[in-house]
Amino acid sequence: MKQFLSVADAGDPSALAHLARQLKAAPWVHASLGQRKTLGLLFLNPSLRTRMSTQKAARHLGMDVMVMNMDQEGWRLETQDGAVMDGDKAEHIADAAAVIAQYCDIVGIRAFPGLQDRAADYAETFIRQFQRYSSVPVLSLESATRHPLQSLADLVTVQEHWHAPQAPKVVLAWAPHPRALPQAVANSFAEWMLAAGYPLTIAHPQGYALDPQFTTGAQITHHLREAVADADFVYIKSWSAWEPYGQVLCRDTGWMLTEAHLPKASTRIMHCLPVRRGVELSHELLEGPHALVQAQAGNRVWAAQAILVRLLEGLTNESTSPSVYSAKL
Amino acid sequence: MKQFLSVADAGDPSALAHLARQLKAAPWVHASLGQRKTLGLLFLNPSLRTRMSTQKAARHLGMDVMVMNMDQEGWRLETQDGAVMDGDKAEHIADAAAVIAQYCDIVGIRAFPGLQDRAADYAETFIRQFQRYSSVPVLSLESATRHPLQSLADLVTVQEHWHAPQAPKVVLAWAPHPRALPQAVANSFAEWMLAAGYPLTIAHPQGYALDPQFTTGAQITHHLREAVADADFVYIKSWSAWEPYGQVLCRDTGWMLTEAHLPKASTRIMHCLPVRRGVELSHELLEGPHALVQAQAGNRVWAAQAILVRLLEGLTNESTSPSVYSAKL
Amino acid sequence: MKQFLSVADAGDPSALAHLARQLKAAPWVHASLGQRKTLGLLFLNPSLRTRMSTQKAARHLGMDVMVMNMDQEGWRLETQDGAVMDGDKAEHIADAAAVIAQYCDIVGIRAFPGLQDRAADYAETFIRQFQRYSSVPVLSLESATRHPLQSLADLVTVQEHWHAPQAPKVVLAWAPHPRALPQAVANSFAEWMLAAGYPLTIAHPQGYALDPQFTTGAQITHHLREAVADADFVYIKSWSAWEPYGQVLCRDTGWMLTEAHLPKASTRIMHCLPVRRGVELSHELLEGPHALVQAQAGNRVWAAQAILVRLLEGLTNESTSPSVYSAKL
């Protein structure tokens, strides 16, 4: 594997999920695979689960980790080619990416969307520009439009909790939230479930359609109750509107999932966290037997570790030797 | 040991201090005890000594350390059960604690008091809620009302500098400070000295009484000079008032300790640092032969290491195996 | 080596550069030299290259690294002796330095100038006070007036790209910048090139003269085009004025270096990064064959590693034993 930005880089998603489950059963089996390799983690936005689970996964593989909170510990980066940099951005991403690639064997990047300009967000400007100017594998820690490490952990969690021969019925259900949130987790969840061959229904209010590039093949509905009534897995997630882009259009509390929505005792509910209790989901559901949210969070370690294994395997032996430095320059 | 929140978790304080002194003499003797174990350090407030000494102690034991500045690198946590989370707190501590416990074998937490609501502070809401929802040992890095790692280091320091058969005379003396400070260090010092069986005098202005749960057995005075005149150890510390809670009531510079207060050459003075020179203590005292403050700071490493040894010994072998993940969920 | 604050600590600069190049060819040859030694990195200002390259260098030597963003994760330090600390500075550098020295075997410090008071900046108050009160080697990660790790990496880069028997012609050329910047990189570059025995020309507008303590022996000119026309290496750097100190006096875009300034194809251009593209340098130059800026950034690892090797060699065997703690106190 040479990069991990979306399901398209995953090959067979179920094979990756299988590897993650093997690592969960034997975390230290590749304890020296990453020795003398450095993972750089570049955060432009806050992170709890991604930050900790990815560090832990890297340590299981013997990697060194360097965390950099770019805006707090460094400065803002210019992403536009040809810019005259006389404003508040101290360094061009072309320069920073090439430098960081000299210090790291793999670089993970978290870069949220601005939610102002849909075209810019969906062009994935930051992570694509970083990748263009760096020479090492780039790993998404959640980009403007996708969160593939989360989706792989979600797939692992579904597979751990589904033992019937037929595919499970999966529903992605929009939820209210006081703030406008990215569409990344919803986009990625949709594309991963569809890639895994699971029938997917997406329930959301008017105006909250997701980009069809992620959802083609899914059934779309505006009726939460009907959608979730016979679901095997319900994934709750808030996201902001597609049009007008990045806005909060709906505050209807009827979209908060409660036990009353789930007639089937076997329905499992999922959420990537952090979750607004009492707004997106009821406290009761989160703490009750339907919930898989802690299992998902735990599986973040094994998803990250599976990806790091594949990325490490994809490094050539010469990748950290001094000659590469000269070759780059 | 299953948690370390107060002297009540210490068993025999002098035995712990003895272990700390053994580790100081041989820092690497347990260099593999913590191998493949992860210590998470969660800071809600600034830290210098605690941050560095605890990391160093963990490395002496072969542990991996993940530091998380929760408010800067993550977001604010809701601690109230049943809250409707439509405000500025992005995640409930119930969810965050359960997640972090999946990534760490031991979690250290620093959470200062708000100094607005005494009942809430003295309920130790943050650290207690975190512990309630996590499944791993919790280690206080200073909570709203206690700082037990500091007190253990203080006990070690006293024992290193006291060789007489009788118990030393110990005085805890309030000092002025431009800001309202927590009562945590003073509370903990009092309960540790009393638990160690040392006679303790507490000198403070009117209105600065500490909670009797920490001080019962100590002699209380409002006269600094008399209290310290024949002391063996004087612990200087500023704290804010009990009533009205969290206020600065006294700015009397007569409470700043100077050489003139110490007729006995053998009296040793202590402070947990950071100290306001020229306000709490004179420069001369801090840099002179009375001062033990640097010894205290150095002993923070060995205090933390002693506690980590006991917490690691208390882990069951299964604690990091995957099966625990399922058990939790 | 007992400290690394300027070229005066380097001994023979070319011998250090030679060591750096050896380490580049064999990064792990001293992989256990720093085992059980701790490098503390104390940042008072943002950092990307220095932060990551120094961590990486330390790991190549088996050292543990503790990073501390002092102002964000700790608090502001008072540097004035005898201050009455009733303001916004929570701890005196005398106390903090002595404490940190107990937790670390070597301490790196980044402390930029305030650019308000030239005498204070040029007294190097912060790093000198820290060093005065600590007992371990101090390593500059860029101080108020010097950046010696950068200069050593620059010297390595020049030597890698110069194979003629005579010394290269080196030019340090001032460049425009929207903000007032420290003089540190320019000062250090000048003193290192002169110490290495290279003829140096410095081109800058009126009012931008550097302190003669760094530049004596260099030729000074106010004409960019003539200075760079036959240069072998052109080092571009913006700095603020000497008089009135710390101000931006010149915004003449004619000082931005472009391809038109470089008639010789063999002229190499250098910059320490971060660079303002389109302001200090044209995009074309940075991405074209003249540029060595990425080579410089890569060499930061080997420069830092060479210095750490020398500092580690300078540690006595007793330096981390408990007895030193007592000796200190």
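Strands are DSSP runs of E of at least two residues, numbered from the N terminus. The model described here is predicted. In chain A, the loop between β10 (233-237) and β11 (268-270) holds A:P244. The peptide bond that joins A:E243 to A:P244 is cis, with omega about 0°. Chain C has a cis peptide bond between C:E243 and C:P244, again with omega about 0°. There, C:P244 is placed in the loop between β10 (233-237) and β11 of chain C. A further backbone feature concerns A:L273. Its phi is near 65°, a positive value in a residue that is not glycine. A:L273 belongs to the loop between β11 and α11 (283-287) of chain A. Most residues other than glycine have a negative phi, and most peptide bonds are trans.

In chain A, an open sheet is formed by 5 strands. Their order is β9-β8-β7-β10-β11, and the pairing is parallel. The edges are taken by β9 (219-221) and β11 of chain A. Each of these has a single partner strand, so one of its sides has no neighbour in the sheet. On average, neighbouring strands are turned by 20° against each other, direction ignored. Within this sheet, β7 (residues 170-174) of chain A runs parallel to β10(A) and is joined to it by 5 bridges. A:W174 stands opposite A:K237 of β10(A).

Chain C also contains an open sheet of 5 strands, in the order β9-β8-β7-β10-β11 and with parallel pairing. Its edge strands are β9 (219-221) and β11 (268-270) of chain C. Each edge strand has a single partner, so one side of each lacks a neighbour in the sheet. From one strand to the next, the twist averages 20°. In chain C, 4 bridges connect β7 (residues 170-174) with β8 (residues 200-203), and the two strands run parallel. C:A173 faces its counterpart C:A203 in β8(C), the two standing opposite each other.

The relation between the chains was examined next. Two copies of a chain are related by a rotation about an axis and a shift along it. Chain C is superposed on chain A by a rotation of 120°, with 0.0 Å of shift along the axis and an RMSD of 0.0 Å. The two copies are thus related as by a three-fold rotation axis. Within chain C, the residue that comes closest to this rotation axis is C:Q72, with its C-alpha at 5.0 Å.

The contact between chains C and A involves 29 residues of chain C and 28 residues of chain A. On the side of chain C that touches chain A, two or more residues come from each of α1 (13-25), α2 (49-60) and α12 (293-314) of chain C. The largest share comes from α2(C), with 7 residues. By class, this side of chain C has 13 nonpolar, 9 polar and 7 charged residues. Only 3% of the interface residues of chain C are also interface residues in chain A, so the copies meet through different surfaces.

Chain B also touches chain A. Here 28 residues of chain B are in contact with 29 residues of chain A. On the side of chain B that touches chain A, at least two residues each are supplied by β2 (64-69), α3 (70-73), β4 (91-92), α4 (93-103) and α13 (322-328) of chain B. The most comes from α4(B), which gives 7 residues. By class, this side of chain B has 15 nonpolar, 6 polar and 7 charged residues.

Two of the helices on the side of chain C that touches chain A, α2 and α12, were then considered as a pair. The axes of α2(C) and α12(C) come within 8 Å and cross at roughly 50°. Angles of 65 to 115 degrees count as roughly perpendicular and those under 35 degrees as roughly parallel. The helices α2(C) and α12(C) are therefore oblique to each other. Their crossing is right-handed. From α2(C), the contact draws on C:R49, C:S53, C:T54, C:K56, C:A57, C:A58 and C:H60. From α12(C), the contributors are C:A297, C:R300, C:V301, C:A304, C:Q305 and C:L308. The residues of this contact divide into 6 nonpolar, 4 polar and 3 charged.

Methods. Residues numbered from 1 in each chain as written. Chains lettered and ligands numbered in written order. Predicted model: local features only at pLDDT ≥ 70, side-chain atom pairs only at ≥ 80, totals over all residues. Least-squares fit on C-alpha atoms with pLDDT ≥ 70 in both. Contact = placed C-beta atoms within 7 Å. Nonpolar A, V, L, I, M, F, W, Y, C, P; charged D, E, K, R; others polar. Axes fitted to C-alpha atoms, helices over the stretch in contact; angles between N-to-C directions. Parallel < 35°, antiparallel > 145°, perpendicular 65-115°, else oblique. Left-handed = near helix turned anticlockwise from the far one by under 90°. Pairing = 2+ DSSP bridges.
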